[in-house]
Amino acid sequence: MKRNVGFVYAHPDDETFGCSFLIRQIADEGGNPVLLTATPGNAGKTGRLGAMTQEELAEKRRIELQQAADILGITEIVHLDMGDGKLKEVDQDVLAAYVADFLRSHQIEVVITFPEDGISGHADHIAIHQAVNKVVFGGQAPSVQKLYYNCLRSKIDVDSAASLLSISAGENWQVKRDALAAHESQIWSIERVFGDLQQVGPESFDEECFLLVWERGVYNPNKQEKSIFDDLV
Ligand SMILES: [Zn+2]
């Protein structure tokens, strides 16, 4: 059976930073990774591309995201085109309704999103985290069986994080490097985390961590998993 996995994020590149190994693995195993991105990410910097209008940057980032998606094996991208940097200001029920609609219409079985602190503390990331919680915990997307937060190991209490799934780069470090490089306008933040993409080797790519926080109504189940597909019905 082709499993539908939904990645729910705020900006083009959030998925590549945190989930490249996982997405490529799902695609390689015959699963169906799909992405919701809430904003065009057009309020920020343009890297070495020089001055751009917000419209130009939105268009550029859409192309970059499609390139990264092709490298990672994402089969479909849903763009909400909400305001970059403004997700906290929109009606939170409206944001949650969009998330619910995405999860239902794609019959998503496993959801991946930001942890409580949004990984970076970005307000848009936290708004997405809260919207996903509301929808999944509230039973608004009945196809969903599991919810994972994409976390940094350094930021979680490992003792209480019973069901932490770690995915190491293996052969896929080059896939992640190439997908990151596709997000050309974001090169400064990419270099801050990963270094110069022309120079980096496998050692520059840490594991990706996914904390299972909810499984068919059970919060924080205590289990050791080998795959996000374990125990799906
Ligand atoms: Zn982001």
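This is a predicted model: local features need pLDDT of at least 70, side-chain atom pairs count only at pLDDT 80 or more; totals for chains, interfaces and linings use all residues.

**Metal site and helix packing**

Me: Which protein donors lie 2.1 Å from the zinc ion?

Reply: Donors are N, O and S atoms within 2.8 Å of the metal (3.2 Å for Na, K and Ca), and sites may look incomplete, water not being among the atoms. At 2.1 Å from the zinc ion, the protein donors are His11 (ND1), Asp14 (OD) and His125 (NE2).

Me: Is His125 buried or exposed, judged by its relative accessibility?

Reply: Buried means under 20% relative accessible area, exposed means over 50%, and partly exposed lies in between (1.4 Å probe, protein chains only). Contact, in turn, means heavy atoms within 4.5 Å; leaving aside residues up to four places away in sequence, His125 touches Ala10, His11, Asp14, Phe114, Gly118 and Ser120. Its relative accessibility is 8%, and His125 therefore counts as buried.

Me: Where is Ile119 found, and what is its phi near?

Reply: Most residues other than glycine have a negative phi. Ile119 has a positive value despite not being glycine, and this residue is partly exposed, with a relative accessible area of 22%. Ile119 sits in the loop between strand 4 and helix 4, and its phi is near 65°.

Me: What is the relative accessibility of Ile112?

Reply: Ile112 is located in strand 4 (residues 110–113). Not counting residues up to four places away in sequence, Ile112 touches residues including Val5, Phe7, Cys19, Leu22, Tyr148 and Phe210. Ile112 counts as buried because its relative accessibility is 0%.

Me: How are helix 2 and helix 5 oriented to each other, parallel or antiparallel?

Reply: Axes are lines fitted to C-alpha atoms, for helices over the stretch in contact, with angles from 0 to 180 degrees between N-to-C directions. The axes of helix 2 (residues 54–72) and helix 5 (residues 173–182) come within 8 Å and cross at roughly 170°. Angles under 35 degrees count as roughly parallel, over 145 as roughly antiparallel, 65 to 115 as roughly perpendicular and the rest as oblique. Helix 2 and helix 5 are therefore roughly antiparallel.

Me: Into how many nonpolar, polar and charged residues does the contact of helix 2 with helix 5 divide?

Reply: From helix 2, Glu64, Gln67, Ala68, Ile71 and Leu72 meet Val175, Asp178, Ala179 and Ala182 of helix 5. Ala, Val, Leu, Ile, Met, Phe, Trp, Tyr, Cys and Pro count as nonpolar, Asp, Glu, Lys and Arg as charged, and the others, Gly among them, as polar. The contact of helix 2 with helix 5 divides into 6 nonpolar, 1 polar and 2 charged.

Me: How many of the 10 residues of helix 5 are buried?

Reply: The buried residues of helix 5 are Trp173, Val175, Lys176, Arg177, Ala179, Leu180 and Ala182. Their cover includes helix 1, helix 2, helix 6 (187–194) and strand 7 (208–215). Helix 5 is mostly covered, and of its 10 residues the buried ones number 7.

Me: At what angle do helix 1 and helix 2 pack?

Reply: Glu15, Thr16, Ser20, Ile23, Arg24 and Ala27 in helix 1 meet Leu65, Ala68, Asp70, Ile71 and Leu72 in helix 2. This contact of helix 1 with helix 2 has 6 nonpolar, 2 polar and 3 charged residues. The axes of the two helices are 9 Å apart, and the packing angle is about 40°.

Definitions and conventions:
Residues are numbered from 1 along each chain as its sequence is written. Side-chain values use heavy atoms; hydrogens and water are left out. Helices (H or I, at least four residues) and strands (E, at least two) are DSSP runs, numbered from the N terminus.
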